[in-house]
Amino acid sequence: MITKNFSVKEMECHCGCGESEMDPEFMRMLQELRDEAGFAFRLSSSRRCVTHNAKVSSHSKKAGIHTLGKAVDILTGHIDTTRVLKLIKQAQDIGFTGLGLNLRGKREGRFIHIDNRGSDFSVPAVWTY
């Protein structure tokens, strides 16, 4: 386990390469968010190797924040809208500086992206997919 609620397996790149190293401060923040939210997160993406990121990212021309172990995508289709909005607010309050929202279309495909990008990556950002 990386934290009390998140395993190495959950953080592994989905291509099967085995990359799973996550930024320790990001994981501390993610665990804090999980504790405050009070429910388990279903992650659809966490650590990505550069090769896998190039295949799946909308920013495939550069190494994305997932390749640095500083981002996850949390599935939200099973969570009611009030809890999703509260989760977004809690993430901001904890200090996450990147928030991507995919909250339309079929419920099972909805997610929020959270990251803790620093000035070495980009300025804080909020966007929709």
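## Fold and overall shape

Among contacts in the chain between residues at least 6 apart in sequence, 64% join residues at least 24 apart. Contact here means heavy atoms within 4.5 Å. This is a predicted model: local features need pLDDT of at least 70, side-chain atom pairs count only at pLDDT 80 or more, and totals for chains, interfaces and linings use all residues. Residues are numbered from 1 along each chain as its sequence is written, and side-chain values use heavy atoms, with hydrogens and water left out.

The chain has four helices and five strands. Read from the N terminus, their order is α-α-β-α-β-α-β-β-β. Helices (H or I, at least four residues) and strands (E, at least two) are DSSP runs, numbered from the N terminus.

How does the radius of gyration of the chain compare with that of a compact globule, and what is its value? The chain has 14 Å, which agrees with the value near 14 Å for a compact globule of 129 residues. The radius is taken over C-alpha atoms, and the globule rule is 2.2 Å times the number of residues to the power 0.38. Along the principal axes, the C-alpha atoms fill a box of roughly 35 × 30 × 30 Å.

## Surface and charge

Of the 129 residues in the chain, 47% are buried. Buried means under 20% relative accessible area, exposed means over 50%, and partly exposed lies in between (1.4 Å probe, protein chains only). The chain exposes about 7000 Å². Carbon and sulfur atoms supply 53% of that area. Accessible areas come from the Shrake-Rupley method with a 1.4 Å probe; for residues, only the protein chains shown count as cover.

The chain carries 19 positive and 15 negative charges. Their mean positions are 7 Å apart. Lys and Arg count as positive and Asp and Glu as negative, while His and the chain ends are not counted. Each charge is placed at NZ of Lys, CZ of Arg, CG of Asp or CD of Glu.

## Cysteines

How many disulfides does the structure hold? It holds zero disulfides. Cys-17 is in none; the nearest cysteine sulfur, that of Cys-15, is 3.6 Å away. A disulfide is a pair of cysteine sulfur atoms within 2.5 Å.

Cys-49 is buried, at a relative accessible area of 8%. Cys-17 is partly exposed, at 41%.

Thr-3 sits in the segment before helix H1 (8–11). Thr-3 is buried, with a relative accessible area of 15%. Leaving aside neighbours within four places in sequence, Thr-3 is in contact with Met-27 and Gln-31. Asp-35 is 32 residues from Thr-3 in sequence, and their C-alpha atoms are 11 Å apart.

Ser-20 lies in the loop between H1 and helix H2 (24–37). Buried or exposed? Ser-20 counts as buried, at 16% relative accessibility. Not counting residues up to four places away in sequence, Ser-20 touches Val-8, Met-11, Glu-12 and Arg-47. Arg-83 is 63 residues from Ser-20 in sequence and 28 Å away in space, C-alpha to C-alpha.

Asp-93 belongs to helix H4 (residues 81–94). Asp-93 counts as exposed, at 54% relative accessibility. Asp-93 and Leu-33 are 60 residues apart along the chain, and their C-alpha atoms are separated by 9.4 Å.

Where is Phe-121 found? The loop between strand S4 (111–115) and strand S5 (125–128) holds Phe-121. Phe-121 counts as partly exposed, at 22% relative accessibility. Phe-111 is ten residues from Phe-121 in sequence, with 22 Å between their C-alpha atoms.
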